Amino acid sequence: MADPFKPLKMASFNLSHRIVLAPLTRARALNGIPQPCMVVYYGQRATQGGLLIAEATAISETASGFPDVPGIYTDEQVEAWKDVVDAVHAKGGIIFSQLWHAGRASHRVYQPDGQATVSSTSKAISENWKVVMPDRSQELFHRQPRALETSEISQVVEDFRQAAVNAIQAGFDGIEIHGAHGYLIDQFLKDMVNDREDEYGGPVENRCRFLMEVVQAVAEAIGIDRVAVRISPVFDYIDGVDSDPHKLGLEVVKRLNKLQEDLGSKLVYLHVTQPRFMASENSKRTTVEEAQLISLLRNAYEGTYVCSGGFTRESGVEALENGVADLIGYGRLFISNPDLVYRFKINAPLNPYNRETFYINDPVIGYTDYPFLDEKTHSSLKSQAENAIMFGATGN
């Protein structure tokens with residue numbers, strides 16, 4: 001049986017285990033600014049030599065698409081992230097910032113002056129999907145986005161580059177470019193969304209151009225050995241569908257491999273999502289198809305490979321054993337089990353998660369109050385959480 005606790009050398013980082021905190025939107029960053037409760041939350045889940053990927057973080061004022069998500073484009077945001085990073089580093093953990101632009105998967109309420117959202121296309125998201133509003137109600141993505149002009153794309157690339165520089169300034173060990181899940185970069189990658197007629201549309205090579213320009217710019221700014229990429233070729237969330245996900249995935253991998261060769265160093269990792277965690281009537285892909293693609297990309301990519309999406313302890317061990325991935329990302333199980341790594345190590349029972357509290361803005365409930373296996377440890381950390389909130393919340 002594969003050992004999730006076998007150390008791994010990942011770029012310049014020495015990991016003590018293969019269990020990763022996947023990036024999880026939690027909607028606790030009031031006004032886009034990381035709060036003291038986030039310091040506690042990430043600190044609770046940090047382990048010596050463990051990798052944490054922070055939640056999707058807006059790269060600019062046009063990038064958000066969800067209530068109370070953090071940004072990393074203002075000085076105030078950068079300063080607030082420093083406390084989060086310090087809490088993880090204090091426990092010997094490694095933390096990456098996930099850089100995100102929602103593109104058309106947003107709403108005018110999140111845009112400056114109520115302007116239209118931007119995308120690769122002017123096609124709106126279908127009525128199968130809804131956007132979460134600031135009051136947590138849901139509305140349809142019914143308004144048309146504005147297709148970015150060719151001349152505007154370089155500014156979005158620059159926004160990613162500057163956000164990466166800001167993340168390093170905040171103390172993050174590296175960044176993950178969010179090129180998945182139907183968000184802006186994915187809107188360029190997928191041919192059922194991207195209907196452009198310029199050099200960013202049409203053939204798969206053109207549709208990969210925006211992603212690769214972002215990766216290149218960020219790598220040149222902070223070093224490729226601090227950069228990771230997340231993609232989801234077979235994932236069809238928010239209408240992010242491609243007619244040939246195998247061809248798309250392999251083209252992205254081919255280009256990443258070439259960039260690594262040109263720069264003489266590897267990305268930190270490639271992160272690929274298995275869509276089974278979103279299984280629903282909206283999901284058109286089969287388990288067999290997604291498994292084939294994950295394996296195909298794993299074999300093609302020349303570097304560390306992270307998989308996430310609905311894994312259990314047992315299926316994660318199996319994936320490691322079969323060589324499907326080098327690291328396994330866990331989301332919902334990490335939400336309700338701040339000591340998930342320890343529980344996996346001793347194969348202890350897990351706390352169930354409560355979906356109703358995933359996206360509320362309470363700084364404690366459903367966020368920092370899930371119990372540790374060791375109640376003494378939990379009581380101590382809960383006290384820290386309450387103190388941090390009492391004495392720090394007014395500052396943000």
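About 130 Å³ of space lies in the largest cavity of this predicted model. Its lining comprises 14 residues, and Ser 106, His 107, Thr 117, Phe 141 and Arg 143 are the closest to the centre. By class, the lining of the largest cavity divides into 6 nonpolar, 5 polar and 3 charged residues. In total, the structure holds 3 cavities of 30 Å³ or more.

The lining of the second largest pocket has 7 nonpolar, 5 polar and 2 charged residues.

**Helix α6 and its surroundings**

Helix α6 spans residues 209-222, a run of 14 residues. From first to last C-alpha, α6 reaches 20 Å, close to the 20 Å expected at 1.5 Å a residue. The buried residues of α6 are Phe 210, Leu 211, Met 212, Val 214, Val 215, Ala 217, Val 218, Ala 219 and Ile 222. An α-helix has 3.6 residues a turn, so residues three or four places apart point the same way. The partners against which the buried residues of α6 pack include the helices α3 (153-169), α4 (184-189), α5 (204-207) and α7 (245-263). The strands β10 (174-179) and β11 (227-231) also pack against these buried residues. Just after α6, Gly 223 takes a positive phi of about 95°.

**Arg 207 in helix α5**

Arg 207 lies in helix α5. Because its relative accessibility is 7%, under the 20% limit, Arg 207 counts as buried. The side chain of Arg 207 reaches the backbone oxygen of Leu 189 at 2.6 Å. A polar contact at 3.1 Å joins the side chain of Arg 207 to the side chain of Asp 242. Leaving out residues up to four places away in sequence, Arg 207 touches Phe 188, Leu 189, Lys 190, Asp 191, Asn 194, Tyr 200, Gly 201, Gly 202, Asp 242 and Leu 248.

**Loop residues**

Most residues other than glycine have a negative phi. Ala 11, although not a glycine, has a positive phi of about 55°. Asp 239 is likewise not a glycine and has a positive phi of about 65°. The loop between β1 (8-10) and β2 (13-15) holds Ala 11, whereas Asp 239 is placed in the loop between β11 and α7. Ser 232 also belongs to the loop between β11 and α7.

| Residue | Relative accessibility | Class |
|---|---|---|
| Ala 11 | 32% | partly exposed |
| Asp 239 | 18% | buried |
| Ser 232 | 1% | buried |

Asp 239 counts as buried because its 18% falls under the 20% limit. Beyond its neighbours within four places in sequence, Ser 232 is in contact with Gly 179, Ala 180, His 181, Asp 186, Lys 190 and Thr 273. Lys 190 is also one of the residues that Arg 207 touches.

Notes. Residues numbered from 1 in each chain as written. Predicted model: local features only at pLDDT ≥ 70, side-chain atom pairs only at ≥ 80, totals over all residues. Heavy atoms only, no water. Helix = DSSP H or I, 4+ residues; strand = E, 2+ residues; numbered from the N terminus. Expected span 1.5 Å × (residues − 1). Buried < 20%, exposed > 50% of the residue type's maximum accessible area, 1.4 Å probe, protein only. Contact = heavy atoms within 4.5 Å. Polar contact = N/O pair within 3.5 Å; in protein donor to acceptor, adjacent residues only side chain to side chain. 1 Å grid on protein atoms, 1.4 Å probe; cavity = no way out; pocket = protein on both sides within 12 Å on 5 of 7 lines; lining within 4 Å. Points joined across faces, edges and corners; volume = space filled by probe spheres on them. Nonpolar A, V, L, I, M, F, W, Y, C, P; charged D, E, K, R; others polar.
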